[in-house]
Every structure is written in structure tokens, then in C-alpha cells.
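Here is a short briefing on a predicted model. Keep the structure open beside the text and find each part as you read.

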Amino acid sequence: MMPQIEIITFGYLHAPAPGADLTVDLRTHFRDPHVRRDLRHLTADDILVCEAVLRTPGIRPLIASTVEAVRAYLAGPSAAPLTIAVGCEGGRHRSAVVGNELARALSEPPTSWWRPRPRHQAAAVTIAHRDMHRAVVERGRVPAHLRSWAAYWPTYRPVDITPPELRDGEGLAASVREGWAEPFTDPAALPDLADRQADALLPFETDVDGRPLNPTGRTGKAGRNLGRWGENAAADAIVVAGTGADRRVLLIRRRDTGQWAIPGGMVEPGETAEAAMRRELLEETGADLTGLAPVVLARMHVDDSRESDHAWIATTAGLFRLPRPVDIVAGDDATDTTWCSFADLDTLRKALAADYRGGELYEAHRPLLTMALDHLADAEATEPPAAPAPTPEPWMPEPFPEPTPEADPAEAAPPVHTDPALDGYHHPHLVGVKELQGAFGPRGYAFTFEEFTGRENEPEMPSEWWSAPALTREQCAFLSMEYRAARTRWSQARFRRRRARR
């Protein structure tokens, strides 16, 4: 008899978890797609949500482990149906995607090329999404008239958003060892709170318990999802190449959200914002802009989904202008890099959607890019028009002069070239070379004239020609062409002299 399995996905914010033999709680340990505004109103029926959930570290191993646990249940003596409950906060994203993956894995018996017979029997799986099509539960939403800390709100109960890697225990200890988080778990017991207030980009106050307060007001979220309590200083580098319709902006794909953003990161202790911009650019894109000073566009608060009442981000945004794009390569927290069209934000959005499979721009960076566009428009309006760049002409010395009819071609005077690199190559009878020596280095090709020595009626080649300096590819091509023409004229002259002697 085929085993019967029922999978129920749900959201804890709507109703308690249903009764089940096995319950999988995804609320705390896995990133919530709800924090992304572009995914908030989508469901597991949308491919973007599925990709975001399945790319979350740990999700696929969890699905595989759950499948093995279910098969362990089925291996028991009972033939009763098995119920699995998968829950998250709202039931629209994580639980629904994981439930669909479990249903697919359990309904298909595993096989392998070395084991053609299935190890387990396929099960009859039914799945029900209890809360996937319900309205979005707005978490941490604060009414505008109550956002200020001065507004009276006695029933204010923010939601704790502290992830496992920042909670007291091994998770926090590992984050401290990695160097991106501080070890304090209570914002009211910070030993250097006064120094943080003095060094902050945006002035902030503390509450009656001594905890730092977000200068923008209530957020509806408590705890921290950032490395430091209070202000987390960041630096964002906007790198723009070209002007007008040919303008390009340097973007990276973030490893945590998969969205496209400008390079940047947190400022390290004792580091200036400009130094942090150059460091992050080098780490994330490989672009070395040492010696190029940025234009500071703003020092401002960042509307980041990770902020809370007691931890937030303030950034210094700098603009680097380049005449043309430079070579880039993804590294550190970036999985990809690109130069994208940047005539305006709408052009940028369309380019990302068309060229990068519906790629989205990181929401917190839209205001920074808007400021960069405004600054560029003002700067280009006041700058004098640039002179058109001259078209580079290919390298070509003066052509070898044709001999006059009265003169013997073999006695023609050597050409006078304007390129000093060809000094020493001219000879009354021969110009150029015949064979490559095979030595190719950073300076170009090296040549030899040894094969011409000893030919009848040919003058002896100067010894200094045998170790001629290296030439570029274009010079090499020209000299080869000149040699063939000179060799032909020399052969014709020799033929006429021999005929005259008869």
C-alpha cells in the first residue's frame, strides 16, 4: 500500500500551528523574503520567491534532512497517514516553498545510476497552503504620527529581529570571531556609548535605560540585525564612467539578497570613509581607484531593512568619475559585477530587468543613485563641451620611395623614417627583415639578418643588425612589407646587370 503523507504550510502570525507528526519551524533560522519590498507581496507561486528562498544558506540541506526524517517515520510498523507542518511568519514565502519542495521529493522515489531499483517506495502526497493567499501581515509598521520618540505610545511592543548569529551563545561568538560583530548583547551596557555619540554622523539620544535610540524614530523592531549597537557607519562608492547617454555605473550583485547594488560596506575602526570606499571597491570589484578623490554627495541615514530601534546605518556616499569603464571582477560579498547604463533610474531599471533575468536594484541605494544623477546633471551642464577625441591613426612610417627611372634601383638612397625605433634598420640595398627569431616579450619581436649574409652581389650585413632592438607588431608588419618590396627591386637590378654583361 502506498504511504499517505499530508503537508500543511502555515504562518504563525495568522493562527497557531496545526497538529502534525513533524513540525518544521522556519521563522528564526532562515532569512525572511518579507524584508525585500519587491518580494513582499509575492507568494511561492512566483519564481522570484522560489529562487530567493532556495538560495538561502541551509534551506536545501534542511529539505534533504526532512525527507530522510519522513522516510524514517514511514519505515516504522504503523501504516497511519503522516502529517508534516511547515511554518514561517506569514505563510506566503518560506513555508510554502519548502512545502512544495518536500512534496516533490517525497512523491518521486530516489534512484541512482548504480542502484536502478528505488530504495524507498513513492508516497501519495497531498499539500495544503493554509495561509499563502492571505493578506500580507505588515510587521513592524509604525503609524507616521507615532514614529517620533516624543509621541506617547504606552502599548508600543516592537518585534525582536535579532538573528541566530547575533543571539547570545555560539552564534554570537562565531560572529565575533569573524570580526563583523561586537560581543555586547545589552545596548544599555555599552562601555563606549559616549564616544559613539560623539563620533556619530547623525546625532542620537538614549532612552531612560541608556540604550541608543534610532534618530529617525520608532521602527517597530527591537534587537539588532547589524554588527554594532547604535550607529553603524558605512561607506558607499558610486563609480560612474562616461557622460550623457553613454554613462555607465558600476554595480555588484549582493551575496545576501541577490539584488544589484553599488559597492560599499561598513567602515572599520580607525578608518576614514574615503579609505573604506576604496577598500570596498578593491575587495568587491577589483577596481583600484587609489589617488582618485571622490565627491562626497551626502552623509545620511539609510532606510535599511536590517535597522531597529537600537541599531541603524548612516552612510557616507561618494561619487567617483572615470572617463571610461575599467576592468572589474567580483569578489568578497559580491557574486557578480557589471557596468550598467545610467542615463536615468528608469534606464537602469530596464537594463537590469532585460539583461539580468529580472534583476532588481537594492532599494536602500535608490536615493543615493538619485543624488548622483542630480549631481552629474549639474556638473555636465556647467562643464565646457569636450573636444572630440582624435581618431588614432595606425602606425605607418613614410613609404619606401620608388627609384627614379634614371637611377639603378639597387643604388637608390635609403628612406628617412620619422619613427626613431627604426634607426639602424636602413641599408643602401635592403630595408627590413625576413624571419622572426621567435623571441616574443613585452617589448615586441626580435629579428635576425643572418640569413642574408653570403648571398651573391649582396653587401655584408653590419653585425649590429643581428641584435636589433625589439619592435612592436605594427613595426614588424611594416618592415616585412618593406623587405619584400626591396628584395624584388634588388633581384630585378641584379638580373639587368647580368644581362648587360653578356
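Start with two helices. H2 and H3 pack at an angle of about 50°, and their axes lie 10 Å apart. At that angle the pair is neither roughly parallel nor roughly perpendicular, so H2 and H3 count as oblique to each other.

**The H2 and H3 pair**

- The crossing of H2 and H3 is right-handed.
- From H2, the contact uses Ile59, Ile63, Thr66, Val67, Val70 and Arg71.
- From H3, the contact uses Val98, Glu101, Leu102, Ala105 and Leu106.
- In an α-helix there are 3.6 residues a turn, so residues three or four places apart point the same way.

**Helix H3**

- How far apart should the ends of H3 be? At 1.5 Å a residue, its 14 residues should span 20 Å. The end C-alpha atoms of H3 are 20 Å apart, which agrees.
- H3 is mostly covered, with 11 of its 14 residues buried.
- The buried residues of H3 include Val98, Glu101, Leu102, Ala105 and Leu106, and these five also take part in the contact with H2.
- Arg94, Ser95, Ala96, Val97, Gly99 and Ala103 are buried in H3 too.
- Which elements do the buried residues of H3 pack against? They pack against strands S1, S3 and S4, and against helices H1 (47-54) and H2.

**The parallel sheet**

- Four strands make an open sheet. Their order is S2-S3-S1-S4, and the pairing is parallel.
- S2 (22-25) and S4 (124-129) are the edge strands. Each has a single partner strand, so one side of each has no neighbour in the sheet.
- From one strand to the next, the twist averages 15°.
- S1 (residues 4-11) pairs with S4 in the parallel sense, over six bridges.
- Which residue of S4 is the bridge partner of isoleucine 8? The partner is alanine 128.
- Helix H2 (residues 59-74) packs on this sheet. H2 touches S1, S2 and S3 (82-88), and its direction makes about 170° with that of S2.

- S8 is mostly covered: six of its seven residues are buried.
- Strands of a sheet pair through backbone hydrogen bonds, either parallel or antiparallel.
- S8 runs antiparallel to S7, and two bridges join them. Valine 240 has valine 249 of S8 as its bridge partner.
- The hairpin of S7 and S8 has six residues between the strands. In that hairpin, glycine 242 takes a positive phi near 85°.
- S8 also runs antiparallel to S13, joined by seven bridges.
- S8 pairs with S9 (residues 260-261) in the antiparallel sense, over two bridges.
- Which residues are bridge partners of arginine 253? In S13, the partner is aspartate 336. In S9, the partner is tryptophan 260.
- The hairpin of S8 and S9 has five residues between the strands. In that hairpin, glycine 258 has a positive phi near 75°.

**Arginine 254**

- Arginine 254 is found in strand S8.
- Is arginine 254 buried or exposed? Its relative accessibility is 15%. Buried means under 20%, so arginine 254 counts as buried.
- Leaving aside neighbours within four places in sequence, arginine 254 is in contact with Gln259, Ala261, Arg306, Asp333, Thr335 and Tyr362.

**Helix H6**

- H6 covers residues 273-285. At 1.5 Å a residue, its 13 residues should span 18 Å. The end C-alpha atoms of H6 are 18 Å apart, which agrees.
- The buried residues in H6 are Ala276, Met277, Arg279, Glu280, Leu281, Glu284 and Thr285.
- What covers these buried residues of H6? The cover includes strands S7 (230-241), S8 (248-254), S10 (264-266), S12 (311-322) and S13 (334-341).
- Glycine 286 follows H6, and its phi is positive, near 75°.

**Glutamate 283**

- Glutamate 283 is found in helix H6.
- At 36% relative accessibility, glutamate 283 counts as partly exposed.
- Glutamate 283 and valine 329 are 46 residues apart along the chain. Their C-alpha atoms are separated by 9.3 Å.
- Not counting residues up to four places away in sequence, glutamate 283 touches Gly331 and Asp332.

Terms used. Residues numbered from 1 in each chain as written. Predicted model: local features only at pLDDT ≥ 70, side-chain atom pairs only at ≥ 80, totals over all residues. Heavy atoms only, no water. Expected span 1.5 Å × (residues − 1). Buried < 20%, exposed > 50% of the residue type's maximum accessible area, 1.4 Å probe, protein only. Contact = heavy atoms within 4.5 Å. Pairing = 2+ DSSP bridges. Axes fitted to C-alpha atoms, helices over the stretch in contact; angles between N-to-C directions. Parallel < 35°, antiparallel > 145°, perpendicular 65-115°, else oblique. Left-handed = near helix turned anticlockwise from the far one by under 90°.
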